[in-house]
Amino acid sequence: MTHDTEPTVLVLDFGAQYAQLIARRVREGHVRSEIVSRDIDPEEIRAHSPVGLILSGGPASVYAEGAYRMDPAILEMGIPVLGICYGHQLIADLAGGTVANTGSAEYGNTDLVVTGDSVLLRDLPKEQQVWMSHQDQVTEAPDGFVTVATSDGARVAAMEDRDRGLFGVQFHPEVVHTPRGDEILRRFLYDVCGASPRWTSHSIIESQVEAIRAQVGDGRVICGLSGGVDSAVAAALVHEAIGDRLTCVFVDHGLLRAGEAEQVEETFRSHFDVDLIHIKAEDRFLELLAGVTDPEQKRKIIGETFIRVFEEAVGSVGDARYLVQGTLYPDVIESGSASAATIKTHHNVGGLPADMTFELIEPLRDLFKDEVRAIGEELGLPEEMVWRQPFPGPGLAVRIIGAVNRERLDLLRAADLIVTEEIRRAGLYREIWQAFAVLPSVRTVGVQGDLRTYAYPLVVRAVTSEDAMTADWARLPYEVLERISSRVINEVPGINRVAYDISSKPPATIEWE
């Protein structure tokens, strides 16, 4: 069973901040989901053979000039459709209902009243709390639809046309602030779409092992190993499929954290029965990065150099034609697609050279980080590897703002180690998505021992997240921040100031570059 045959729900993205969250909630119901462009046409939809469609929310009014639309024929395809917020209003508008701004906007917790027999709301309380975020509302449901719920600011808070399999809800069942939201979504997945909860770690492993064997045949494969959870799980999946025809290549680009290269080699040699080639290429990478300040250029240089190093390693591996990468779904989305703007080019997606000779194997390309960790645990990888905090492929190069050189790398490594040690000491490592240090290119005036200093500031960044698509700054205890600041300033010569980044994503990104 491959992903192509796995029952899938397509999430049509109308510019919502929650599109990725909808996809995650579907997967948490153990049904595969995929985010696609709002511009998708019926033929493309048929090619995916989905069991259902979910229309996301969006930022505009359905009647506004230039509003996001979709082909009305999609509603007539016989595929169940659930519209959420903007998607709900769009269904109403396309099907002949009425959408208007009545001045009764709703934001935040709202009381929903179930007013009719409903498939999605069956056996749920007649009055329940939901999360709303809208100015417009459906004031008249289209012919064939039954209004099954209402609220103070939404006459048609939920509507259903069971005969055509069309459903709409004004509220957001995908957010945790709608307490019964998961049940509502699962009613759509199971009762309406007829999907079974079989998208599990075990099924993903089975399907990927089968797909890898079909792609590779009797060929040889090399894996670009970074030591992080993504490449480790990708390597383990490929090893499960083809055994000793896999060779892992660990490129030490000199941009890793303190002691990381040694840890990667020790961990893999002790836990994996695979060939491991350790290539030390620090001089090569630093020479190419010398004087480069633009983060996109850094990523492209690092991405291309990785591939060139892999290509040179082929001679010692034999006739390897395939390259394994730990690319994740958020990497693909952020690097730009038909349904998403380019936020930043991930070195393993948009940073790959056009003349690359390898055929890629990316067994995690459809997965979010939490799904990858679950697969890692299922495959028996050590806990310290599975739960390692995310680390960017370009390494410290994108945590040093401006030019990268050995002096600045040494400063950042020493400071970053202190941040990690104090986060672990406070018992917060597993609670925080990422905690790390950033070294800006500016210098600041300070005073130490009655003498003036002119040294670098350090920015500490710590965030909480579920999938890296959105993130909130972590509310670290003051005593933890105090220990970090005191140790960095006292133990790392060249840094005289510590700041804490309290920006969320959006509008910021997790990494600074």
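Helices here are DSSP runs of H or I with at least four residues, numbered from the N terminus. In this predicted model, helix α1 covers residues 19-28, and just past its end His30 adopts a positive phi of about 65°. Nine of the 10 residues of α1 are buried, so the helix is largely enclosed by the rest of the structure. The buried set takes in Ala19, Leu21, Ile22, Ala23 and Val26, along with Gln20, Arg24, Arg25 and Arg27.

On the α5 side, the contact is made by Ser201, His202, Ile204 and Ile205; α11 brings Ala374, Ile375 and Glu378. Sorted by class, this contact comes out at four nonpolar residues, two polar and one charged.

As for the cysteines, a search of the whole structure turns up zero disulfides. Cys193 has the sulfur of Cys85 as its nearest cysteine sulfur, 20 Å away, and is in no disulfide. Cys193 still counts as buried, because its relative accessibility is 12% and the cut-off is under 20%. For Cys248, the nearest cysteine sulfur is that of Cys223, at 4.7 Å. Cys248 is therefore in no disulfide either, since a disulfide calls for sulfur atoms within 2.5 Å. With 1% relative accessibility, Cys248 also counts as buried.

Methods: Residues numbered from 1 in each chain as written. Predicted model: local features only at pLDDT ≥ 70, side-chain atom pairs only at ≥ 80, totals over all residues. Heavy atoms only, no water. Buried < 20%, exposed > 50% of the residue type's maximum accessible area, 1.4 Å probe, protein only. Contact = heavy atoms within 4.5 Å. Helix = DSSP H or I, 4+ residues; strand = E, 2+ residues; numbered from the N terminus. Nonpolar A, V, L, I, M, F, W, Y, C, P; charged D, E, K, R; others polar.
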